[in-house]
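Biologist: Hi! Could you take me through this model, starting wherever you like?

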Amino acid sequence: MAVVSEKAISQKEEVVDKKLVRMSLYYAFVWLLVGMLGGVLTSIKFNYPDFLGYIPWLAFGRLRVFHLNGVAFGWFTTAAFGMAYYMVPKLTGIKMVWPKVSYVVVYSWAVVSTIGQISLLAGYSQGVEVGEWPVWVDVPVSMIFALITTQIFFTIANRKEKHIYVSLWYLTAGFTWSTINYVLGNLINPYFFAGVDNAAIQGFYLHSVVGLWITPMGTAMLYYFMPVITKNPVYSHKLSMIGFWGLALFYPFTGAHHYLFSPIDTWVQTIAIMSSMMLIMPVWSVITNQVGTMKGKWHMLSSHIEVKFMVLGAVFYVITCFQGPTQALRSMQQIIHFTDWVVGHAHLAIYGVFTMWTWAGIYYIWPKLTGRQIYSQKLSGWHFWLSLVGFAIMALTLWGAGLVQGGMLNLESNVAFIDTVKAISPFWAVRTVGGTLMMLGAACFVYNMYMTAKVGRLVDEDFVSNRQEVLV
Amino acid sequence: MSNVTTSFKGAMLGAGVGLYFFAFFVGYAYPAFFSKHDVPKVKDYKGNIVAVRGYTEQEKLGKAIYIRENCWICHSQFVRPIGGDEKRYGPVSQAGEYAYDFPHTFGTRRIGPDLAREGGKRTDGWQYGHLANPQAMTQGSIMPKFVWYFEKKEDGEADITRPTEEGKALISYIQRLGTSIGDWRNPEGEKAAGSTVAASAPTFTPQMVKEGKVVFEGNCAGCHGLAGNGQGPAAAALNPKPRNFTEGKFKYPVNAKDSDLFKTLEIGVKGSAMPAWKDSLSEAQRWAVISYVRTFKK
Ligand code: HEM
């Protein structure tokens with residue numbers, strides 16, 4: 001049945017093009033650091049608007065979109081490509097078809113995304129939220145997405161493993177949705193739909209990036225690594241399918257919840273709110289499955305860094321899943337929309353959940369990719385705690401700031417706008433501290449991975465047969 | 001058997017992708033084609049249906065710059081029918097007002113105030129002074145200084161009296177925002193004089209003067225200068241110039257009493273950069289700042 005076990009997989013290790021995956025992940029590491037640095041610099045500007053002087057390339061608006069695209073596309077998407085090139089061969093039992101195409105994808109993605117990022121600083125933003133790269137970057141990006149999607153499809157068509165494991169569902173669907181969605185959001189919508197319709201469809205695009213790209217990629221990783229690491233079969237396969245269909249059915253409808261109370265048709269907004277409620281379902285199915293799969297393996301939490309990150313991500317996913325539906329309610333929107341509350345939510349999901357899960361996966365596969373054991377457990381520990389503490393600081397201050405500003409603007413009268421800015425500026429200062437810790441955590445991680453590849457102890461018989469004790 | 005499952009699974013995947021299109025057509029494409037949002041017509045503030053005019057070339061350039069600098073990251077562009085929105089920004093936004101927007105700039109965060117009804121709220125001079133140096137206009141602002149939309153003075157500083165073509169275009173776009181519904185700030189028939197309540201001035205105390213100083217330095221000094229001489233950092237861009245309080249002369253009316261100044265503060269001075277303060281300063285703060293303004297007279 002649907003059991004992906006370590007034993008079944010390790011025999012097929014040679015189907016993975018290790019160099020390719022390594023390259024992808026290295027490139028993702030670069031954007032992880034640069035993207036987060038962009039975030040920290042932006043956050044300093046909240047308290048010191050004159051920070052970095054008056055250079056157009058480093059103006060607030062430009063750095064802010066540089067940060068967002070740097071982490072969403074530079075880091076997460078690049079890592080997802082790498083992970084797909086790892087998981088798809090493992091789950092199909094064959095090498096990727098057209099091995100050269102993989103390199104075309106990885107290289108051209110590296111070049112194109114770098115150009116995209118630089119063009120944002122140079123002032124060529126397209127003005128589409130989460131799709132700011134200009135149109136001449138969007139065209140090759142769409143082609144790259146189409147290429148890797150096709151490649152995955154053909155690999156699956158030729159697969160040796162009869163069963164299509166749930167991760168493959170998420171991967172293929174996620175890649176297909178995203179190819180279509182990227183074209184729709186970046187090449188069609190901004191040029192053919194005006195005003196209110198443009199906003200509605202852009203909400204749809206934006207939410208499909210988070211719901212039909214980042215979420216399925218992260219979920220695919222979770223469903224893959226959870227059973228492999230714990231050596232337990234997935235708790236319930238049926239549940240994972242329910243989650244998948246819930247996602248496919250409800251996510252696309254939620255787009256308009258980004259523009260509630262705007263001139264977008266009220267019934268569209270109402271559907272968006274209702275389907276936001278329904279999203280509890282796919283989230284809970286993932287969480288239930290995770291908890292179920294951990295059964296009897298909770299002791300690994302103290303010794304395995306990958307398990308730590310996986311469980312932490314799940315805890316944050318539970319919070320996301322309560323927060324998202326509540327904040328879609330109209331009464332809640334009055335207060336928290338347009339405030340830092342939403343920024344806190346976005347980081348909770350993308351950083352707190354999916355970045356954590358990606359890290360869990362990388363900690364697990366890095367020794368396989370490099371043939372060396374993780375260089376330093378101390379650094380992994382620092383990575384974990386800096387990320388957790390830094391993020392807790394950041395999330396709490398953002399939510400606090402959102403409530404304070406939203407309350408002042410919407411519940412009190414006679415408040416000058418600037419007074420709300422002054423009221424939350426201490427929160428922003430603390431947020432910078434949190435963000436810096438998060439970045440340091442990521443730096444520990446990247447350094448650790450780099451050193452592993454260079455000087456880590458070689459993987460030996462002991463490591464393979466007795467992984468648990470070696471890899472803390 | 002295996003082939004059957006494979007094609008079954010393929011069909012299921014097709015269904016998954018189909019759901020995306022299903023949602024797109026029901027929730028987004030259908031309203032786009034049938035709800036007629038893109039008809040450039042709105043109800044003006046008097047309730048008549050009027051046409052919205054397209055952007056001029058200059059405004060188009062202005063919007064492109066608005067997008068280039070990602071102003072929409074900090075400024076939303078729709079007034080909601082809830083909360084403090086209407087009172088703070090003006091009439092609720094209507095679909096027709098956006099009919100010419102490719103792409104839209106609704107925004108999702110208000111790090112600064114909503115700009116949907118910004119047009120006509122301030123004079124061009126105020127806008128230029130603010131664009132080059134927001135902190136001079138609003139103490140404590142965190143908006144960046146967009147100095148590269150101005151020619152440079154000898155000393156390398158931005159000259160707020162000489163915006164570049166792009167700077168002019170940006171402000172022309174800002175001044176157009178929300179004006180499709182007519183001049184709603186100055187409804188016909190009502191005198192711009194505004195306040196109907198004739199306020200009577202309290203007696204000024206040293207305590208009030210002290211509080212007034214704080215209010216003045218935070219809100220007024222950018223234009224009127226710390227010394228009250230009308231030479232604040234933003235003054236150069238303004239016409240008419242901010243009042244020089246050291247002369248002790250006023251216009252509205254000449255020999256304005258404290259209650260006249262109170263009214264001026266409430267409604268601002270139309271046709272000048274002098275803003276209305278009724279929504280951002282309490283009555284007590286307004287009296288306090290007047291008591292402080294009176295102290296400048298030599
Ligand atoms: C449990 C399901 C979820 C629900 C019901 C939900 C709901 C919402 C709502 C209502 C907003 C808009 C808030 C506002 O602007 O006032 C929002 C914003 C956002 N969500 Fe979620 N969310 C969920 C999960 C996620 C996930 C999994 C991600 C990331 C992968 C995510 C990423 C974001 C981002 C990036 C924004 C901010 C967009 C912006 O700045 O305009 N959300 N979410």
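**Salt bridges and the ligand site**

Modeller: Let's start with E166(B), which is partly exposed at 28% relative accessibility. Partly exposed sits between buried, under 20% relative accessible area, and exposed, over 50%, using a 1.4 Å probe on protein chains only. This is a predicted model, where local features need pLDDT of at least 70 and side-chain atom pairs count only at pLDDT 80 or more, while totals for chains, interfaces and linings use all residues. Residues are numbered from 1 along each chain as its sequence is written, chains are lettered from A and ligands numbered from 1 in the order in which they are written, and side-chain values use heavy atoms, leaving out hydrogens and water.

Biologist: Which residue does E166(B) form a salt bridge with?

Modeller: With R68(B), at 3.2 Å between the closest N and O atoms; a salt bridge puts a side-chain nitrogen of Lys or Arg within 4 Å of a carboxyl oxygen of Asp or Glu. E166(B) lies in helix α6 and R68(B) in helix α2 of chain B, so the pair ties together parts 98 residues apart in sequence. Helices here are DSSP runs of H or I, at least four residues, numbered from the N terminus.

Biologist: And D101(B) with K63(B), how far apart are the closest N and O atoms?

Modeller: 3.4 Å. D101(B) is in the loop between α3 and α4 of chain B and K63(B) in helix α2, so that pair links parts 38 residues apart in sequence.

Biologist: Is D101(B) buried or exposed?

Modeller: Buried, at 2% relative accessibility. K63(B) is buried too, at 6%.

Biologist: How many salt bridges over all chains?

Modeller: 17. Another one is E57(B) with K60(B), at 3.5 Å, and both lie in helix α2 of chain B, three residues apart, about one turn.

Biologist: Switching topic: how many residues surround the ligand?

Modeller: 28, with E129(A), Q333(A), H337(A), H345(A) and A349(A) the closest; a residue counts if one of its heavy atoms lies within 4 Å. They come from chains A and B, so the site is shared between chains.

Biologist: Which atom of H337(A) lies 2.5 Å from an oxygen atom of the ligand?

Modeller: A polar side-chain atom. From the other chain, an N or O atom in the side chain of T108(B) is 3.3 Å from a ligand oxygen.

Biologist: How do the shell residues divide?

Modeller: Into 15 nonpolar, 12 polar and one charged. Nonpolar covers Ala, Val, Leu, Ile, Met, Phe, Trp, Tyr, Cys and Pro, charged is Asp, Glu, Lys and Arg, and the others, Gly among them, are polar.

Technical notes
Polar contact = N/O pair within 3.5 Å; in protein donor to acceptor, adjacent residues only side chain to side chain. Helix = DSSP H or I, 4+ residues; strand = E, 2+ residues; numbered from the N terminus.
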